[in-house]
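Trainee: I would like to learn how to read the strands, helices and salt bridges of a model. Please take me through them one feature at a time.

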Amino acid sequence: MMDDGDGIPEYCKGETAAGPGSKDIYVQLVISFALGISAFVFFCILRPRWKTLYAARRRHSDPQIALPLLPDSFLGWIPALYRITEEQVLASAGLDAFVFLSFFKMSLRLFTTMFFFALVVLWPIHNTYDAGKTTTPGDTPGGASSYIDLMREYQFNQSTNLDDIFVGLKPEKSRNHYLWAYLVFTWFFSLLTVYFMNSETIKVIKIRQDYLGTQSTITDRTFRLTGIPRDIRSEEKIKEFVENLEIGHVRSVTICRNWAEIDGLMAERQVILRKLEEAWSVYLAQRPAVESRVSGRRREGTNDSAQGDANGDEESQENRRLLSSGLLASDNLPNLAERQRPKVRLRFGFLNLQHRKIDALDYYEEKLRRHDEKIRNARQKEYAPTDTAFVTMDSIAACQMAVQATVDPRPGQLLSKPAPAPSDVIWKNTYAPRYKRRMQSWAITIFITFLTIIWFFPVAALAQLLSICSIQKIAPSFAKTLLEHEITRAFVQTGLPTLVVSLLNVLVPYLYDYLSNLQGMVSQGDVELSTISKNFFFIFFNIFVVYAVSGSAALADFWAILRDSLSDTNTIAKKIAGSIQDLNNFYLNFIMLQGFGLFPFKLLQFGSISLYSIYRMGAKTPRDFAELVQPSLFNYGFYLPTAMLVFILCLVYSILPGAHIVLLLGLCYFTLGYFVYKYQLLYSMDQPQHATGGAWPIICGQIVVGLIAFQVIMIAYLVLQTVFEMAALIVPLVVLTFWYNHYSRHRFTPLTRFIALRSIKRASDPGTESNPGQDPEQLQRQTRLTRRLSTIDEDREKGMKFVNPSLVAPLEPPWVYQDPPPLVEESSVDSSTGSVSGNGNNRVVLPQSDSNGLGSVSSSFSLGDTHIWRENGDDDV
């Protein structure tokens, strides 16, 4: 470990970095289990006590969904959750949740099969040929770099001259015999992955077609028409045009107009409404100024009553009680008026240098009243039509014929597309010009590309922590300390980088979700799918590609590697193969932390609990408290990309030495993920997006990316072992994978976007028309998989229409007390203040039950079952 006079320690000579050892795995395993078990125990203890958090979705859902009630015992909920069937998942959570969980189930079946062969076939081969300690040549003559033996302690082997290997010295043939197994299993595992993916795709498509074909929602009967020429931009002309196509009758047409004015007024109204509610909450939270006087009069009345009791005059006692209660009632009336009314500071004059304080309640009530008048006037205006319209047909078949056909021969005009759900539409983007939305999309794409380059620096700098030699260059004293303390070194080299990478996986998706919302997409479902793609691109490129290319190299070496790769293609192959071996422990620790350490925290909803106290301190109004008890939102773009990275890592390491350990950890990850996400999707979190399983084509595309990465890395690994003929035999497999990707897109993608006409059920028995050759009993059982009294989409879209909410939404009065104000017709109630029209005042109608005005302010929401905002009584929370 000492220098030889040139300032370079012996353990750093001849190698890019002295990577982490196998003991680091055990340190990370202990850390992951400590974090995971503690979070899991907390969850099991708190779950029956905090049902408003951990059973929020079930408590708010339609009782017809009929999810089983999970036992309150410590572990009894796990078997009950496991017994929930696919039809129950479809009925309660919809297609998106079903597709998401199907990916985890497919991964479990695939990696179970791979684990069997890795354990029975590959592990004996690795042990027989000592492949777990195969010498990996260094980048410099005389260098030493060893692959980690995952079952034994880290050992250094004799150095091998890389130039000698590639110039003339060939390994003995007997030593390379086992590499034929790598070739065979590369083909076998690739074809096995394609088989499982193909089988699951067929299943998902069948379930999707049966599910959508047996329901009837306004979304299924509506298509979005874009590129409408100016001469037919009216409801009547569009209806006439569509009906002239002779595909069906048009029920309604909603042409999107330039509603920027009314949308802006409604957004401003929300700001004014919340300020008025805050002013009321401040006002009602104050103690009445006359409380002491009232208390004194109560004591006086009590003394008079006592004297009456002493005199035995019952009539006198009754009179005194009546007089006392009347006096107290008259004293209570001015209590509200005698409170200190909140003030608001208004600035005016030159440069707003002058200001004046006025009554906040009167100011915001009058401001809200005038603003509501503007909204009513704006709703009566006629707005300019745009080139987009929502056309609702009389049948699903007519809608699907319009969507799947080319309507107009002119490019870019009268394009028919599937419509999102009415609640999923982002109306401000429906009337935005097409060029503007296209420019927004391209600008965000360019920015994300630039951001990806920027991520090079923190990610590559983070990779230096994997190398004790890189730490030696930056902080020699710190490196010396790490060498003296083995557990601390293990934590810094593997635990800390995996923790930081995991935190990036948590934080970066919020940025990409924000950017996706700026791209001008028409529906939240499209935003969700875009977030999945963006986050996967970040995770795959920065956490896998950058690490694989740079390995544990220093940041300065990364650019040298890229420069050398441009001049010599062998450089990139050798570097990838060497880095993949060196990073085995890092990715093992990453999977362990994600599975054993962080999944229990997701189940615990640690983030929601942590932020709750912050949001609780900022909550002032009943509306704020009601928003605190809403179920958390399940964003597929936040969780799916990390699972896809783990899937790719399991593929990449499925043949290399230690494959059985990687696959075992992968099985644990997908098993825990399946239970955690199944619980959250069914019981604790909402999924408002409506993508009808649109994530499955993205999942398949990302699996193909993983397959190609797996095959390229195996080619690089075999090239590193100088068995070029074996590496060449994998090249046709890469070509075959590209062909399958092209083939599957043309074969399966239309069925994941549209509803086949034969899938639309018109008869009383929905299955016979779609598949006349199947067994009737089997058809009836499969129909029950996707059909109940009504699907979740039908329940969600009942009574909905494709209308901009700004045009028809009730102008709700301020929410002052615990119960929300009723949404009544504007003809009978002045919606700006909540008072009955014609009474001549601008005050909120106060309930008679609150004598002092403090009840609603003191009410709060806790994570237990006490102090909960209830809407429809105690039975409906």
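This is a predicted model: local features need pLDDT of at least 70, side-chain atom pairs count only at pLDDT 80 or more; totals for chains, interfaces and linings use all residues.

The dialogue below goes through the sheet, the helices, the salt bridges and a surface patch.

Trainee: In what order do the four strands of the open sheet stand?

Mentor: Helices (H or I, at least four residues) and strands (E, at least two) are DSSP runs, numbered from the N terminus. Two strands pair if DSSP finds at least two bridges between them. Here the order is β4-β7-β3-β8, and the pairing is antiparallel. The edges are β4 (250-257) and β8 (415-418); each has a single partner strand, so one side of each is left without a neighbour in the sheet. Direction ignored, neighbouring strands of this sheet are turned by 25° against each other on average.

Trainee: How many bridges join β4 to β7?

Mentor: Six bridges join β4 to β7 (residues 385-393), and the two run antiparallel. I255 has A389 in β7 as its bridge partner.

Trainee: Which strands does helix α10 lie across?

Mentor: For angles, axes are lines fitted to C-alpha atoms, for helices over the stretch in contact, and the angles run from 0 to 180 degrees between N-to-C directions. Contact means heavy atoms within 4.5 Å. Helix α10 (residues 235-243) lies across β3 (222-226), β4 and β7, and runs at about 130° to β4.

Trainee: Is helix α16 largely enclosed or exposed?

Mentor: Buried means under 20% relative accessible area, exposed over 50%, and partly exposed in between (1.4 Å probe, protein chains only). In helix α16 (residues 396-403), seven of the eight residues are buried, so the helix is largely enclosed by the rest of the structure. The buried residues are I396, A397, A398, C399, Q400, A402 and V403. They pack against β3, β7 and β8.

Trainee: Where is there a hairpin, and how many residues lie between its strands?

Mentor: Strands β5 and β6 form a hairpin with five residues between them. In the turn, G349 has a positive phi of about 85°. Six bridges join β5 (residues 343-348) to β6 (residues 354-359), which run antiparallel. R345 has K357 in β6 as its bridge partner.

Trainee: How many salt bridges does a search of the whole structure find?

Mentor: Side chains of opposite charge can pair when their charged atoms come close. A salt bridge is a side-chain nitrogen of Lys or Arg within 4 Å of a carboxyl oxygen of Asp or Glu. The search finds 20 of them. E86, K105 and K203 are linked in a network of salt bridges.

Trainee: How far apart in helix α9 are K206 and D210?

Mentor: An α-helix has 3.6 residues a turn, so residues three or four places apart point the same way. K206 and D210 are four residues apart in helix α9 (residues 179-213), separated by about one helical turn. Their salt bridge has its closest N and O atoms 3.3 Å apart. K206 is partly exposed at 27% relative accessibility, whereas D210 is buried at 11%.

Mentor: Another pair is in helix α15, where R370 and E366 lie four residues apart, about one turn of the helix. Their side chains meet in a salt bridge (2.9 Å, N to O). R370 is exposed, with a relative accessible area of 53%, and E366 is partly exposed at 22%.

Trainee: Which parts does the pair of E277 and R623 tie together?

Mentor: The side chains of E277 and R623 meet in a salt bridge (2.6 Å, N to O). E277 lies in helix α11 (residues 260-285) and R623 in helix α27 (residues 622-628), so the pair ties together parts that are 346 residues apart in sequence. Both residues, E277 and R623, are buried.

Trainee: Which residues make the nonpolar surface patch?

Mentor: Patches are made of residues with over 30% relative accessible area and no salt bridge: like charges are joined within 9 Å, nonpolar side chains (Val, Leu, Ile, Met, Phe, Trp, Tyr) within 5 Å. Accessible areas come from the Shrake-Rupley method with a 1.4 Å probe, and for residues only the protein chains shown count as cover. F33, I37, V41, I45, F74 and L75 make a patch of about 490 Å². I45 is in helix α1 (residues 23-46) and is partly exposed, with a relative accessible area of 37%.

Terms used. Residues are numbered from 1 along each chain as its sequence is written. Side-chain values use heavy atoms; hydrogens and water are left out.
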